[in-house]
Amino acid sequence: MTPDPYPLLPAAPSFSVTSADVTDGQPLKDDQVADAGNTSPQLSWEAGPEGTKSYTITCFDPDAPTPSGFWHWVLVDVPADVTSLDAGAGAVDAELPGKAFHVRNDGGQQGFMGAAPPAGDQVHRYFFVVHAVNEESLGVDGSASPAVVSFNLAFKTAGRAIVHGTYQH
């Protein structure tokens, strides 16, 4: 079972997410590494719980050498009728469904940033999470920080689907 990277947030029902690119608990492929492919993975999920009106997709590394971890990807306002994203949907210039948009990651980009732990550091975990949101819009704009997105998710999450990979230089 995948550990919950959000133990301090209110519990939320879970649903399933799968990926052609991320095998739960296994090392990430080069495509998802910053200095190799730097490509967001393909993700598919079952419809969120009743009341789901949109999705937020995140990638979080809780093992980064900072007190707050590292946000690699934050995609908000994905329409509720979307249940998959192709590999590369996290590109800065990607065509996104509906009114979906990227929020700046901790690397300063509005898109996906692949795994990039410091050389010689411990194995890092990368949690790809599909958050089912009970509103059509999370209520943030492209200038929001990942912390503000997380704050909004604490109150608007109807469910969570999690798959995680690992990586070490």
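**Burial, backbone and strands**

Me: What makes D77 buried?
Reply: D77 has a relative accessible area of 8%. Buried means under 20%, exposed over 50%, and partly exposed in between (1.4 Å probe, protein chains only), so D77 is called buried. By the way, this is a predicted model: local features need pLDDT of at least 70, side-chain atom pairs count only at pLDDT 80 or more, and totals for chains, interfaces and linings use all residues. Residues are numbered from 1 along each chain as its sequence is written, and side-chain values use heavy atoms, with hydrogens and water left out.

Me: What is the phi of N38, and what is that of D77?
Reply: N38 has a positive phi of about 50 degrees, and D77 has a positive one of about 60 degrees. Neither N38 nor D77 is a glycine. Most residues other than glycine have a negative phi.

Me: Where do they sit?
Reply: D77 lies in strand 4 (residues 70–79), while N38 is in the loop between strand 1 and strand 2. Strands here are DSSP runs of E, at least two residues, numbered from the N terminus.

Me: How do you know that strand 2 pairs with strand 5?
Reply: Two strands pair if DSSP finds at least two bridges between them. Strand 2 (residues 43–45) and strand 5 are joined by 2 bridges, so they pair, running antiparallel. S44 has S84 in strand 5 as its bridge partner.

Methods. Helices (H or I, at least four residues) and strands (E, at least two) are DSSP runs, numbered from the N terminus.
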